[in-house]
Structure formats: structure tokens, C-alpha cells
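Notebook open, structure loaded. I'm jotting down what I look up as I go.

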Amino acid sequence: MTDSPSQETGNGRETAVDWQARGTVARLVLGQMATQALGTAVRLGVFDRIGPGELSGDTLAGSLGTHPQATLRLLRALAGLQLLSETEPGVFRTTTAGDALRTDTPGTMVAMARMFTDPVMLRGWDLLDESVRTGETTFDTVFGTDFFGHLKEQPELSAAFNEAMSQGTRLTDSNVPHHYDFGRFHTLVDIGGGTLLASVLRAHPELRGVLFDTAEGLAQAPRRLAEQDVTGRVVLETGDFFASAPAGGDLYLLKSIIHDWDDERCAAVLRRIRAVIPDHGSLLIVEPVLPATVAAAPAGGVYLSDLNMLVNVGGRERTEDDFATLCAAGGFALRSVTPLPAPDIFRIIEASPV
């Protein structure tokens with residue numbers, strides 16, 4: 001006898017799909033429904049309304065102006081997703097995971113949850129099969145413009161995207177300053193960033209910084225620099241990193257930039273930096289690095305991010321060999337790849353001018 005059900009086939013006896021495997025598939029099939037439930041709850045402000053205490057479904061519905069029974073059904077779905085717990089029939093409180101979706105929680109992920117459950121991020125996924133067939137983004141097809149062009153035309157959405165990116169990499173921003181020798185440099189030029197620059201400068205008071213980005217990218221920069229009390233040590237410069245890079249730095253930083261673009265455009269960015277970086281300078285690329293083969297341990301998020309780059313922006317996540325090839329095309333040699341402490345999936349990729 002076996003623990004799994006089996007079935008007869010024309011070629012003999014074959015083991016059927018076991019219940020654990022069926023459960024895994026079922027969770028994935030229903031995953032989009034979970035995403036929509038979470039997004040609806042965040043947009044309605046469910047987690048903030050419940051707050052640190054408990055609240056009945058009827059009271060919440062009255063507060064939100066929503067249908068009582070439908071609200072109860074949403075709350076129970078959220079409890080099934082372990083974002084809420086039902087302490088007695090019809091009464092709910094947030095779990096530790098649900099607390100991360102309250103705006104008053106330090107380290108909140110509300111902006112990230114709101115952005116990644118918004119139609120602007122999801123509608124292109126409806127055409128993923130087209131992207132897989134053609135290798136092209138589908139965002140442009142749906143919205144009539146590229147992703148960053150769309151953000152440029154919508155300042156509120158652009159601000160939400162910037163905040164979501166900040167929330168999504170907060171762990172990395174706190175790790176990087178302590179896992180690289182910044183003390184041997186004088187001026188750090190952050191290309192298209194902001195939050196990591198502020199964290200590095202706060203941890204290394206002898207260092208000065210330049211933040212280079214579009215006007216939209218710099219919109220929230222003064223607030224973030226002020227929060228870290230480093231405003232007086234940073235120069236803000238507006239520009240297009242495909243066209244130029246600021247001179248005067250001996251360390252250049254690209255965090256979560258390279259994966260947004262194809263190889264040709266990434267190489268163009270690197271060549272702009274190579275044109276101004278001194279021969280003794282260094283380039284840091286802070287990104288996830290895909291293993292040569294998918295690891296046995298679950299790491300699905302980075303591969304979903306890779307598909308998101310395909311669907312929405314035309315970029316990709318890369319392996320260490322990919323980064324080495326890209327650096328060479330931009331006038332750099334890859335020197336080292338430093339992992340950050342788990343569960344951080346980012347790496348510090350250091351390259352030198354050649």
C-alpha cells in the first residue's frame with residue numbers, strides 16, 4: 001500500500017497527485033483572489049480601522065459605509081489568509097502580518113501593498129501569455145505608454161510608487177551601510193535612488209553625497225534626507241541617467257535601477273558613469289542576484305519580480321554571470337558579490353573601471 005492515491009494507466013500503475021501537491025496548486029490558482037482581497041482591504045483602510053484592538057464586522061461596516069455581510073465575508077477571508085484573527089464570532093483583530101498593513105506601524109508595508117495590488121501593476125499581467133510569446137512588455141499595450149512615462153503623467157501615482165519602493169527595500173537600506181567599506185571614499189553619487197544614500201550617509205558621517213534623478217524621482221527626496229538628518233551633506237541634481245552622470249564622485253551607486261531595463265539601456269547607463277568616474281573609483285550595484293539554477297529552498301518572489309519586469313517595464317533580474325557581462329559592456333570589471341544577511345535577498349555587486 002502507498003500513502004498516496006493511485007490510478008491505473010495503459011502502461012501500468014502510476015501514482016496520482018498527492019494531496020499536499022494538490023494543496024500547493026490550489027493556493028497558486030487562488031492567489032490572485034488573495035491579492036484582490038488584500039488590496040481591497042488596504043484601499044478601504046480595514047487594518048487601520050481595526051487598529052491595535054478588536055472590532056466587530058458590523059461596527060467596521062458602519063464605519064466604512066460598506067455592506068455588513070459582504071464586509072464580514074471579506075474579514076473572514078483575511079483571517080483565512082492569516083492577516084486577521086477572529087477572536088469570537090464576527091469579532092476581529094490584526095495578526096502580526098496584518099499589523100504590517102497598518103499605517104501607524106513602524107516598518108509599515110501599506111504603500112507597497114497598495115501599489116502592487118493596483119490595476120496599474122496588475123493589468124499587464126492579464127497578458128502575460130503575450131509577453132512570454134513575444135518577449136515584449138504588455139504594460140505599453142494596455143496603457144498606451146511605457147511604465148515610467150505613465151508615472152510621469154500622474155504625480156500622485158509616482159509618489160506612491162516611490163514610497164512603495166522605499167518600503168519594499170527598507171531592510172536592504174539598513175543592511176548595506178554595514179556590509180561595505182564606505183570609509184575609503186569621499187563622495188557617493190546615488191544614481192536614481194535616495195533612501196539608501198540617506199542610510200549610508202547617516203552611518204558614515206565623513207561621507208558626502210550627490211543624488212541624481214529625474215524631477216519626479218527627486219520629489220520625495222528632501223523629506224527622506226531630512227528624516228535621516230543628512231540634508232546638509234547631499235547635493236540634489238536633476239537629469240536623465242541615460243544621457244549623463246554627475247562628475248565628482250569616487251563611489252557610484254545604482255540600487256534597484258539595473259533590473260528595470262534591458263541590457264542595451266543598462267550598458268548605456270554604465271557607460272555614462274564610466275565617462276566620469278575616476279580610475280580609482282568603484283561602482284556598486286545593489287540588486288538581487290539569481291542563482292545559476294533555481295535553489296531548492298523557496299525563493300519565488302525574485303522570480304515573480306523577474307516576470308514583473310518582463311510584463312511592466314521590460315527589464316529583468318540577472319545572474320552573477322549576467323552582471324559580469326553587463327559590467328564589461330559598460331566599461332567595468334565585476335570584482336565581488338557580497339550577500340546581505342537573510343532574509344534580505346539583495347547583493348552588493350562591486351565593479352571597478354577598466
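Is Ser158 buried or exposed? I get 7% relative accessibility for Ser158, so Ser158 counts as buried. My cut-offs: buried is under 20% relative accessible area, exposed is over 50%, and partly exposed is in between (1.4 Å probe, protein chains only).

Ground rules before I go further. This is a predicted model, where local features need pLDDT of at least 70 and side-chain atom pairs count only at pLDDT 80 or more, while totals for chains, interfaces and linings use all residues. Residues are numbered from 1 along each chain as its sequence is written, and side-chain values use heavy atoms, with hydrogens and water left out.

**Entry: Ser158**

I find Ser158 in helix α12, residues 155-168. Helices (H or I, at least four residues) and strands (E, at least two) are DSSP runs, numbered from the N terminus. Setting aside neighbours within four places in sequence, I see Ser158 in contact with Leu151 and Glu216; contact means heavy atoms within 4.5 Å. I also checked Gly217, which is 59 residues from Ser158 along the chain, with 8.1 Å between their C-alpha atoms.

**Entry: Met109**

Next I went to the loop between α6 (96-99) and α7 (110-116), where Met109 is found. Met109 has 36% relative accessibility and therefore counts as partly exposed. Neighbours within four places aside, Met109 touches Ala100, Leu101 and Gln167. For Met109 and Gln167 I noted 58 residues of sequence separation and a C-alpha to C-alpha distance of 5.9 Å.

**Entry: helix α18**

Which residues of α18 are buried? In this helix (320-329) they are Phe323, Leu326 and Cys327. Looking down the axis of α18, I see its buried residues fall within an arc of 100°, so they line one face of the helix. That arc is taken from the directions from the helix axis to the C-beta atoms. A reminder to myself: an α-helix has 3.6 residues a turn, so residues three or four places apart point the same way.

On the other side of α18 I find Asp321, Thr325 and Ala328 exposed. The buried residues of α18 pack against α16 (263-274), β10 (282-290), β11 (318-319), β12 (332-339) and β13 (346-353). Just after the helix, I noted a positive phi of about 95° at Gly331.

**Entry: nonpolar cores**

I looked up the largest nonpolar core, which has 27 residues; Ile191, Leu254, Ile273 and Leu283 touch the most other members. A core here is a set of buried Ala, Val, Leu, Ile, Met, Phe, Trp, Tyr and Cys residues joined through side-chain atoms within 4.5 Å. Elements giving two or more residues to this core are β6 (187-191), β7 (208-213), β9 (251-255), α16, β10, α18 and β13. The most comes from α16, with 5 residues.

For Ile191, leaving out neighbours within four places in sequence, my contact list includes Phe212, Phe241, Tyr252, Leu254 and Ile273. A second, separate core has 24 residues, among them Leu188, Leu201, Ala221 and Phe346.

**Entry: whole protein**

I count 18 helices and 13 strands. The C-alpha trace spans about 65 × 60 × 40 Å along its principal axes. Of the 354 residues, 44% are buried. Taking contacts between residues at least 6 apart in sequence, I get 61% that join residues at least 24 apart.
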